[in-house]
Amino acid sequence: MQTDENQELETAPKESQAEAEVEQENFEEKFKALESEYLRVYADFENVKKRLEREKYQALEYCYEEIAKDLLPVIDTLEKALEIAKEAQQEAIGEGIKLTLDNLIKVVQKHGIEVIAQEGEFDPQLHDAIMQVPSEEVEEGHIVQTLQKGYKYKERTLRPAMVSVAKN
């Protein structure tokens with residue numbers, strides 16, 4: 001009887017040791033799974049943080065874009081008034097309009113608003129081709145005439161220039 005009891009006592013620690021090893025392996029697997037999940041969540045958090053920072057920077061960078069768009073018709077109107085004053089030979093009025101227009105253009109340029117190039121090759125990112133006209137003086141695909149000035153704010157197009165393009 002004593003031998004049976006000794007055998008039971010000897011196998012009991014072996015069984016509990018095997019169970020402890022299996023339990024340790026389970027804990028290690030759970031730990032690795034939780035660690036992996038943590039790393040994914042942390043990486044997602046960092047990506048969201050970077051995206052929000054980038055969006056905040058862009059929002060601050062382009063905060064004047066809407067007011068700039070609203071000022072474009074004012075510039076167009078002043079340019080048209082200057083043309084009419086010159087045609088009507090109203091030099092004093094024309095001079096006042098020119099000074100006002102020059103000051104307004106200086107202010108918008110100071111804040112990053114620029115006139116889009118109105119000559120050279122047609123660029124669909126910066127120009128709207130309103131019509132194609134035959135021209136012997138200008139190469140095909142190049143701008144012949146500007147119908148309305150275009151403007152850009154930093155790297156964004158506020159309003160594309162309306163142009164006619166040479167077609168030979």
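Two strands pair if DSSP finds at least two bridges between them. Helices (H or I, at least four residues) and strands (E, at least two) are DSSP runs, numbered from the N terminus. Before you click, note that this is a predicted model, where local features need pLDDT of at least 70 and side-chain atom pairs count only at pLDDT 80 or more, while totals for chains, interfaces and linings use all residues. Residues are numbered from 1 along each chain as its sequence is written, and side-chain values use heavy atoms, with hydrogens and water left out.

**Stop one: colour by domain.** The domain assignment gives domain 1 (15-62), domain 2 (64-111) and domain 3 (114-167); such bounds come from an automatic or database domain assignment. Between the C-alpha centres of domain 1 and domain 2 you'll find 58 Å.

**Stop two: the antiparallel sheet.** Select S1, S4 and S5: these three strands make an open sheet in the order S1-S4-S5, with antiparallel pairing. S1 (113-115) and S5 (156-159) are the edge strands, each with a single partner, so one side of each has no neighbour in the sheet. From one strand to the next, the twist averages 35°. Axes here are lines fitted to C-alpha atoms, for helices over the stretch in contact, and angles run from 0 to 180 degrees between N-to-C directions.

Zoom in on S1 and S4 (residues 151-153): three bridges join these antiparallel strands. Pick Glu-114 and look across to its bridge partner in S4, Lys-152.

**Stop three: the mixed sheet.** Switch to S2, S6 and S3, an open sheet of three strands in the order S2-S6-S3, with mixed pairing. At its edges stand S2 (127-133) and S3 (143-148), each with a single partner strand, so one side of each lacks a neighbour in the sheet. Neighbouring strands of this sheet are turned by 30° against each other on average, direction ignored. S3 and S6 (residues 161-166) run antiparallel and are joined by four bridges. Show Ile-143 and you'll find its bridge partner in S6, Val-165.

**Last stop: two tyrosines.** Which residues form a stacked aromatic pair? Select Tyr-38 and Tyr-42, 6.1 Å centre to centre with 25° between the planes. Rings of Phe, Tyr and Trp (its six-membered ring) pair if their centres lie within 6.5 Å; planes under 30 degrees apart count as stacked, over 60 as edge-to-face and the rest as tilted. Tyr-38 and Tyr-42 are four residues apart in helix H1 (residues 2-61), so about one helical turn separates them.
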